[in-house]
Amino acid sequence: MSKLAITFADELRSRSDQDLAALFKYRPDLVTPVPNDFTSLAARATSTPSLVRALDSLNQWHYQIIEAACVLPEPFKKSELLSITSEESAFALDYLWQMGLLYKEGNNYRTPINLKLLIGDEPVGLGPESAGKVNLNILKDVPKPSMEVLSKLIWGPPRGQISNIKKLGTAIGWLLDNNVLIALDSNTVALPREYAINLRGNKVHKELYIKPNLLSGKKLTQKQIDLAAVANISTILRWCEEFLHNLSDETPTALRTGGIGVRDMKRIAEHLGVEESCAGFIAELCYLSGLVVIDPDDQVLPTSAFDIWLSKPQEERWYSLVVLWLDTSRVSGLIGRTSDKNIAPLGPELDRAGASLIKRTTLKILLENPQTTPELESISEIVKWWNPQRFNAEFVEWNLREAEWLGITGQGAISEFGKNLLTAQDDLGIEKALPKPVDHILIQADNSAVAPGPLTPELSAEMGTIADIESRGGATVYRFSEASIRRGLDHGKTGDQIKTFLTKISKTPMPQPLAYLIADVAKRHGRLRIGSTQTYIRCEDEGLIQQIMHDKKCEHLRLRRIAPQVLVADFELDEIIGELREFGYLPAAENSSGVLLSQPNLRRAKSRPKPPRIVSEFLAPKENIIYSAVKTIRAGERSRKVEPIVPGTSSNETLALLNQFIETQQTLVISYADNNGGVSNRIIEPISISLGSLTARDETTGEITQFRIPRINGVAPTVTISENKADLDL
Amino acid sequence: MSDGPLIVQSDKTLLLDIDHVLSDECRRAIASFAELEKSPEHIHTYRLTPLGLWNSRAAGHDAEQVIDVLLKYSRYAVPHSLLVDIAETMSRYGRLRLEAHPVHGLILVSNDPAVLKEVTRGKKVAPMLGSQLDDETIVVHPGQRGFLKQALLKLGWPAEDFAGYVDGEHHEISLKQDGWQIRKYQELAAEGFWHGGSGVVVLPCGAGKTIVGVAAMAHAKATTLILVTNTVAARQWREELIKRTDLNPDDIGEYSGAKKEIRPVTIATYQVMTTRKKGVYAHLDLFDAIDWGLIIYDEVHLLPAPIFRFTADIQSRRRLGLTATLVREDGMEGEVFSLIGPKRFDVPWKEIEAQGYIAPADCVEVRITLTDAERLNYATAEQEDRYRFCATSQTKKDVAIALAKQHANDQVLVIGQYLEQLDQLSVDLGVPVIKGETPIKERERLFAMFRSGEIKCLVVSKVANFSIDLPEATIAIQVSGTFGSRQEEAQRLGRILRPKADGRGARFYSLVARDTIDQDFAQNRQRFLAEQGYAYRIIDADEILNKN
C-alpha cells in the first residue's frame, strides 16, 4: 500500500456536522459523556460495548450487509460489497456509514477496528482467507467425489474433521493438493473464504432478508378490541390496588436475596385470583412505579406513593404504570419459571439486556398492524428481523401477554389507548372509556351491599372499614358482619354514624337485620375495657378507698379509681406501699393469687433468674482431629504457595501429564475452574481418568472428587510430602 | 358501553340488577348456564361453574350463545380471559361420547384422539376400558358406564351419554286430571326431563315435585321404582299416585322397613336400600327385581352415598332426580351430574311464589336473652354440649310457648332437634308430639287431624323435615336445628309454603339464644333465607313476652 491508511478518527474528523449529529442520534452512548476529541470518540465508537450496542440495533438486513463487509478484504469498493450482497444494499450503506459501522477511505470503505472481532472469525460460516495464491479456475476441474466434500463445507461451518492428514482419501487429497482446502491441524481442514464465496455464486448469504415478512393474524373490529382493552385496564388497576392493599394486610418478609418468596407469591396469586406469572407481573409493575418497596427490616410494604396514586384519576394511574413498563429492562416473565426457581419479583435477578428493545419492537409492529391479533410465530419472525442480535422468542411472548394484561392490546390487537400511548398523545381516552365511578350502593337483606360500579375513592375507603369485600369486578360486593362492623367501631365510628353513612349512600332502604346488627354490635362494643397499669390498690371497705382518693397527701400518687373498690396507680408497688405507710395507712402487698406477701424486709430482685452460661475447660482434642487440622492447614498453605506457579497447559499436555502422574502416583497441583468460573489451585492425588473426568483425592478436603478435564487449566508437580514431614513434629 | 342489567365479576359471579328493565329477559337468558346462588331483593347473584356450563351444553346451548348473552347484557366490558375460559370449559363437554355399538357393545368415542389418549392414561379410567378399536374408539367394559362417567367428570372431560336406555317392562300409566290440573311448569319440567333422557328437575318445596314425577311416569308408561327419604313420604307418594293417575292401588308396592312388596310401581326408602346385613347390602336385588323403565329419586340432594354406587350400575335405565336444591352439604354435586344426569329444569322459588303456587313467607328471627344463670351455665359447659345447652334453654321454651299462644288460631308447627325439649314443649302446650319413635300409623293419624284442623298445633322432630304434606300449616316455630344446615332450613320453610286456601302468608319463627353458638348457626341459616329473597327481620324476645 503506497499511502498510509486513513484512521477512523481522521475520517470522523472529516465528517460534516450533520453526519456527526446522525451518528450521535443512532448511537447515543457515544455522547454520554461527551468525549474530549475525535481520538477519544473513535476509541469509544470502536470499544466493544458501544459496537455491541450498535450491532444490536441493526435489523437483519443491515446486519447481513455488515457481515458481508467483514468478509471482504479492506479497503473494499462499494461495487464489491453490492456484488456479494445485492443492489439494494446501496440504500443502506449511507445509514451504516452514518452509524460509524463503516468508514470511508477515499471512495473505498473500511470497517472500524474491533468490528470484525465481534462479527467473529467465521462470518456467515466462511473460512479463513487463503494463504497462498487463489486460482478460482481450478474449481471447474474439481472431480465429483471432491465436489461432494466441498458441498458440505460451502454454507458453513467451513471446517471439517478428518481422521488423519497422513492417510487421505482421494477426494480430500485432491482438494488439499490443489489448495482448495487447507489443513488447519492434523485432523482439521477448512475451505478458504475466496473459494467458498465463488461456490456460493459470488454471494455471501444463502438468502438476503431485505424486508420483514408481513404479519399474519386474526382481523378484529376496533370496537371489539377497545372493549376488551377497557376490561383489561380496569382489571389491572384493580389488581394493583388489591395487591398493595393485601401487602399491608398480610405483609410478607422479603427473601434474604431480596424479592418476595414463592410461598407469598402463591398466596397473593390466590388472593387476586390470577396465575402466579400474572401475580409476579403485578408485583413488578408496582415495584417499577415505586408503589411498593422492601423496607430496611425486610418487610414488603406499599409506599406513601400508593396513597397519592390512589387519589389520581384512573388514566393517570394507568399511565404511570405503563410508561415505566415500556422502558424497564426487568423481565417479569422470568419469575417462577420451573427452570429458574429462585427468580423472585422485586429481586435482583430480573434485569435482561435488550428486553426493552424487544418490547419496543413488538409494540411497534402491533402499532403498524392495527386491528390484527398477531399469530405468535409470525410476529416473532418480524421481531427477529428487526432485532436479530437481541431476539428472544420468550420475550416476545411475554411482551404480548403483558401488553394484554395492561390493556395496551385488547384480544391481542393494539387498542385505541395503546395507540395513543405509543404515539404520545396527551389524552389517552381512557377516562372516557372506563365506567364512571358510582356514588351509591345497594344494601340487601342478606347483609350484603353491592356497589354497581367502581366506587369513588372516599366511599370505597369508608366501605372498606365497615364491610368485607366478597367479590370484585365491574361491581364490588361487600358483606357486613359482626367483625366488620366492629372494625368500623374500632376506627372510631359510632353505630349511629355507620347507620347514617349507609342510609345516605344506599339507594335502597336499610334492611332491618342490618340495622339490628349495627345496633347490637355497637351496644356490646367496648363493654370490656382494657388498659395497662403498674399497681392496684383494692379494699373491700369503699369508705377507705374514698378516704385515700380525697387524701391530699396522696395526690402525687395520681391514683385513679376504676371501680368502687379498686384504685390503680402508675408507680411501683414498693413505692406505693412505702408512701401509704408513711401517711398512716396499713397496706399489705399481695401476689397474683391474692395471698399476702409477708417479709417485706428481705429485698429480692424483681427479675426472673437468669443464670450465666457455663464455660467449661477445653478437653484435649483427639489425635485424628489434630492430624486432619494440620493437614488442612498444610494443604491450604501449599496451595497458596504454589498458586502463581501452576503454568497453563494445553489439553493434550494436561492429559499427558495427568497420565504420567497417575503412573508415578505423585501428588500434584492443578489449577481448576469451578462451576462459577472461579479458578483455584487444588492439591490432589490423581487416581484414574475416565469419561473426560479425573478421579482424584483432594488433599484439602480429603475426599475423592471428580474433576472435569476441560476445566483443568494447568497441571504442575508439587513438592513431595516427605519434605514436609519434619513440620509435623508438634 | 351498554347499560345492561348484568355485571360480570372476576370471580365468575354474575350480578343481575333486577330493578333494570331488561332484568327479566336477561334472567331467562343466563338461567340456562349459570347457577342462581342467591336472590335477595335487589341484586341476584349467579355463578358460572363448569357443571353449570356443562349442564347448558347438555341442554343444547353452545359457548357462542353463552358469550353472546354475557356481552349483550353486560353493563361493563367483560374480561376477555373469562370468555376464553367459558369457551374452553364448554368445549370439553361432549368431546367424549358413550355410544352403543352393535358388535362391541358400549364404546367410548371421540373425534379428538388426543383427548382420548389423555383420559386413557388416567389411572382410574384405564381399568374400565377394553381394547382400542381405532384412534377414536375404545371399548368400555360393560357395567362401567356409570363409573366411567364419574371418573371422566373428575378428569374434567364429561362424557355425553348416547348409549340409550332400555324401555323397561311396559305398564300403562296416564294422568287422571279430574278436579285438578297439571301446572304449566310441571308439564314443562316433565317434558324437559323426558327429552333429555335422564336428569334432575329442581323445584322449590311446595311446588309439586311429586306431580312432575307422576307426569314423567305417564310419559314413560313403564314399571317404575321410586326412591324416597322415609316411610311417611312413601305413603304420601302412594296417595298421590292413586289420586293423580289411573293406577290400580294393587299395582303400587311399598318396599320399606315394614313391608317388602314388589309391584309394577314400587316405592322404596333410602333407608331400606342402604341397610346392611353382615356387611352386605341386603336389598340390592330390588334394582333387578323388575325390568324397571324409570327410576325416580326423590330429594336427590339427600341421596346417600351408597345409592350413588348402585346408581352407577343402572345407567341404562331412565333416571329422574327431584330436588329443591342442588346444593349438597357434602359437595357431591358432581356425582349427581354424572350419575343421575344434568339439570333438566329449574324455576326460581320466587317466580313460583309470584304465580301463587306457593305461599309468601315472612321469616322472623327471635333473639332470646338467656338469664344470667343460663349464661353462666352455658359459659362453663363442655364445647360439644354448648349448642344443645343454648338451644334447649328454659327461656327459649317460654318464648316458644308464648309464640304458640299468640298464634292460637293458626295452624302451628313447633319444630326442634332435641327430643327432651320437644317432649317438654308438648306437655306444656298440651299438644301431641311426633318424633322418630312415633309409629307410622299414629303419625299419619296426627297429620290427618292437623290437616283437617282438628289439631291446631303439632310439635315435630326432624322426621317431619321432608316430604310431608301439611298444606294448612301457616306458622312454624323452630326451636333448634341441625347446627347450621342450610338445606334443613329450606326444607322446614318448605313445610309452610304450600299455598293456603285463603291465600294467607306463612311465617317462620326461628328462636335463637343471643351471644351463643346458636346465634352463629342462625346467621348461616338465615343468610340463606335472605339470599332466597325472603323478607327477614330480627326481633327481641321481649317484644313477644310483653304482648302476652
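Which residues touch the most other members of the largest nonpolar core? I began my notebook there, and found V414(B) and I477(B), in a core of 257 residues. For my own use: a nonpolar core is a set of buried Ala, Val, Leu, Ile, Met, Phe, Trp, Tyr and Cys residues joined through C-beta atoms within 7 Å. Buried means that 20 or more other C-beta atoms lie within 10 Å of a residue's own, exposed means 12 or fewer, and partly exposed is in between, with C-beta atoms placed from the backbone.

**Ground rules.** I am reading a predicted model, where local features need pLDDT of at least 70, side-chain atom pairs count only at pLDDT 80 or more, and totals for chains, interfaces and linings use all residues. Residues are numbered from 1 along each chain as its sequence is written, while chains are lettered from A and ligands numbered from 1 in the order in which they are written.

**Around V414(B).** I left aside neighbours within four places in sequence and listed the contacts of V414(B): A400(B), A404(B), L425(B), C457(B), V459(B), I477(B) and V479(B). A contact here means that two C-beta atoms, placed from the backbone, lie within 7 Å.

**Chain B overall.** I noted 22 helices and 25 strands in chain B. These are DSSP runs numbered from the N terminus: helices are H or I, at least four residues, and strands are E, at least two. Of the 548 residues in chain B, 51% are buried.

**The sheet.** Next I followed an open, parallel sheet of seven strands in chain B, in the order β21-β22-β20-β23-β24-β19-β25. Strands pair if DSSP finds at least two bridges between them. At the edges I found β21 (433-434) and β25 (535-540) of chain B, each pairing on one side only.

I then took β22(B). Its pairing with β20(B) runs over four bridges, and V412(B) has C457(B) as its bridge partner. With β21(B), the pairing of β22(B) covers two bridges, and V433(B) stands opposite V459(B). Are the two faces of β22(B) covered or open? Both are covered, with C457(B) and V459(B) buried on one side and L458(B) and V460(B) buried on the other.

Further along, β23 (residues 475-478) and β24 (residues 506-513) of chain B pair in the parallel sense over four bridges. There I475(B) has R507(B) as its bridge partner.

**Helices on the sheet.** I saw that α21 (residues 517-531) of chain B touches β19, β24 and β25 of chain B, its direction making about 155 degrees with that of β24(B). Helix α17 (residues 394-406) of chain B lies across β19, β20, β22, β23 and β24 of chain B, at about 165 degrees to β24(B). For such angles, axes are lines fitted to C-alpha atoms, for helices over the stretch in contact, and angles run from 0 to 180 degrees between N-to-C directions.

**Where the chains meet.** Last, I checked the contact between the chains, which takes 26 residues from chain B and 26 residues from chain A. On the chain B side, β1 (6-8), β2 (13-17), α21 and β25 each supply at least two residues.
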